[in-house]
Amino acid sequence: MKVLNLRCAHGHGFEGWFASNEAFDTQLAAGLVECPVCADTAIVKLLSAPRLNLGNAKAPAEAAAAAPSQVLAELSPEARWMRAVREVIAKTEDVGDRCADEARKMHYGEAEERGIRGQATREQTEALLDEGIAVMPLPMPAALKETLQ
Ligand SMILES: [Zn+2]
């Protein structure tokens, strides 16, 4: 039994089962092999290798299409946090240890309002909160700290 990969002139691919290659040739010559889709009898025999390659080539493309959501789902809590911190860093100005002073100036209209970040002691932070100044502690992932300083 030979299982042949066949294709009609309209590009329909299908499998044909024959006793042998010779049986296929004979039936083809007699016009007995026809496309199951469009009944075309202009059938060509394909090597099985291209079909296999096609199947293999398709798999990585499908995997790539599915990759973004998979990667997202696989992000660890640390990676998510890292990304959030990076976003804050990208949108804020680093004022270093002047953070408490700058936050206070902005609150009292002495400095332009903007997103700032920097280091503040616990006392400075509590003082800011007491004055009604919005601050948000931003624990830095150790890996990010190293690349920033
Ligand atoms: Zn066809």
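View 1. Asparagine 5 stands opposite leucine 46 in β3. The model shown is predicted: local features require a pLDDT of at least 70, side-chain atom pairs count only at pLDDT 80 or more, and totals for chains, interfaces and linings use all residues. Residues are numbered from 1 along each chain as its sequence is written. Strand β1 (residues 2–7) pairs with β3 in the antiparallel sense over three bridges; two strands pair if DSSP finds at least two bridges between them. Helices (H or I, at least four residues) and strands (E, at least two) are DSSP runs, numbered from the N terminus.

View 2. Three strands form an open antiparallel sheet in the order β2-β1-β3. Because β2 and β3 (44–46) stand at the edges with a single partner strand each, one side of each is left without a neighbour in the sheet. From one strand to the next, the twist averages 45°. Helix α1 lies across β1, β2 and β3 and runs at about 115° to β2. Axes are lines fitted to C-alpha atoms, for helices over the stretch in contact, and angles run from 0 to 180 degrees between N-to-C directions.

**View 3. Serine 20 in the loop between β2 and α1.** Serine 20 is placed in the loop between β2 (13–18) and α1 (21–29). This residue counts as exposed because it has 10 C-beta neighbours inside 10 Å. A residue is buried if 20 or more other C-beta atoms lie within 10 Å of its own, exposed if 12 or fewer, and partly exposed in between, with C-beta atoms placed from the backbone. The C-alpha atoms of serine 20 and lysine 2 are separated by 5.4 Å, although these residues are 18 apart along the chain.

**View 4. The largest nonpolar core.** Seven residues make up this core: Leu6, Cys8, Phe24, Leu28, Val33, Cys35 and Ile43. Such a core is a set of buried Ala, Val, Leu, Ile, Met, Phe, Trp, Tyr and Cys residues joined through C-beta atoms within 7 Å.

**View 5. The buried side of helix α4.** In α4 (residues 99–107), Cys99, Ala100, Glu102 and Ala103 are buried. They cover an arc of only 165° around the axis, which puts them on the same side of α4; the arc is that of the directions from the helix axis to the C-beta atoms. The buried residues of α4 pack against β4 (93–96), β5 (116–118) and α5 (122–130), where contact requires C-beta atoms, placed from the backbone, within 7 Å. Just after α4, glycine 109 takes a positive phi of about 75°.

Definitions and conventions:
Contact = placed C-beta atoms within 7 Å.
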